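These are my notebook entries on the structure shown here.

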Amino acid sequence: MKLQKAVPVETEGAYLNRLGKKLLLFFPTGQVLEILEDYQEHFSLGREQGNTEESLIAALGSPEAAAADALRESGQLSYCVRHTVRWGILLLLACGCLYLRKSYIDFWVYTGTYLFLLLGAVSLFILLHGRGRAAVENRFPSRNGRLTAAMYLPPLLLLVILEALAQYFTAAGAKRPDFLNAGQVGPLFALLLDSAWIVLALLLAWILWKTCKDSVRYYPAAVRALGAALSIRELERFIHRMDIEYIPQQQHIQLAVCLLPYGISILLALLFWGHMRRISGKAV
């Protein structure tokens, strides 16, 4: 069985960036920054002695091997276990809030989505060591971490299209009560909602993969994708429970309220972005 080779590192900054991300899995942020400062001093001394950056990196070995050596020297996994268990339990509780939303208890029906969004986004950010990674990536930047329109535009466009269709169907149903039950209008709209949810779920998985692999700067985009997916579920719940005997103005307002999870996700994304900017400023 062949072992997978580590990805080669070209520069000191890239090496320390990768090393810092690996160390954050086992050590607190402050201790990780101290270790990285020692490695940075090693690079400085090596250059003063006439060694090239490539030779210094080759002598140190891969960042993964260096992190494993640091863990063996410390001989403890208590921080890693405490961190994972503590915030993993909070993430599971957030998922429980979303599950309880399916119950007939009014409190969970109306608040389960929002509690899941708030608790889930915060606990996952901490589980991914977002605070420490923001400090490491600012001090030792890499070429990765550039946001693209593919992360922000699809959730917004899908929600705008689906909200417009839902408003149109609601207005048409007010004039013709049999409109939503005629032909393929209902099944077609349900198919659109399910398709949009699948697209957003795949987009969310891709952004989270980029967050873990490349940069924590992608995380706010993941929060927005999650908010968009939850808004689509709210739209679906509203359509399924919609009563033809309604006051049109109230139904239009309730449809607009379905976008609230996405609005909250935008605020959360801005808070995460500002928090990482503030941490990056302190890390300089």
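**Entry 1: charged pairs**

I found a salt bridge between arginine 72 and aspartate 69, with 2.1 Å between the closest N and O atoms. The term requires a side-chain nitrogen of Lys or Arg within 4 Å of a carboxyl oxygen of Asp or Glu. The model is predicted: local features need pLDDT of at least 70, side-chain atom pairs count only at pLDDT 80 or more, and totals for chains, interfaces and linings use all residues. Residues are numbered from 1 along each chain as its sequence is written, and side-chain values use heavy atoms, with hydrogens and water left out.

I noted that arginine 72 and aspartate 69 are separated by about one helical turn because they stand three residues apart in helix H4. Helices here are DSSP runs (H or I, at least four residues), numbered from the N terminus. Arginine 72 is exposed at 59% relative accessibility, while aspartate 69 is partly exposed at 34%. I used these classes: buried is under 20% relative accessible area, exposed is over 50%, and partly exposed is in between (1.4 Å probe, protein chains only).

I counted 14 salt bridges by this rule. One of them joins arginine 139 to glutamate 37, with the closest N and O atoms 3.0 Å apart. This pair links helix H7 to helix H2 (residues 29-48) across 102 residues. Both partners are partly exposed, arginine 139 at 28% and glutamate 37 at 39%.

I asked how many of the ten residues of H7 (residues 130-139) are buried. Seven are, and the helix is mostly covered; among them are Arg133 and Glu137. Glutamate 137 has a relative accessible area of 2%.

I then traced a salt bridge from glutamate 137 to arginine 217, at 3.5 Å between the closest N and O atoms. Arginine 217 lies in the loop between helix H9 (185-213) and helix H10 (219-241), so the pair ties together parts 80 residues apart in sequence. Arginine 217 is partly exposed at 34%. Lys21, Arg133, Glu137 and Arg217 are linked in a network of salt bridges.

**Entry 2: a surface patch**

I recorded a nonpolar surface patch of about 450 Å², made by Leu77, Val81, Val85, Ile89 and Leu93. Patch residues have over 30% relative accessible area and no salt bridge; nonpolar side chains (Val, Leu, Ile, Met, Phe, Trp, Tyr) are joined within 5 Å, like charges within 9 Å. Leucine 77 sits in the loop between helix H4 (63-74) and helix H5 (78-100), and is partly exposed at 44%.

**Entry 3: a helix crossing**

I checked H1 (residues 12-23) against H4: their axes come within 9 Å and cross at roughly 40°.

Methods
Accessible areas come from the Shrake-Rupley method with a 1.4 Å probe; for residues, only the protein chains shown count as cover. Helices (H or I, at least four residues) and strands (E, at least two) are DSSP runs, numbered from the N terminus. Axes are lines fitted to C-alpha atoms, for helices over the stretch in contact, and angles run from 0 to 180 degrees between N-to-C directions.
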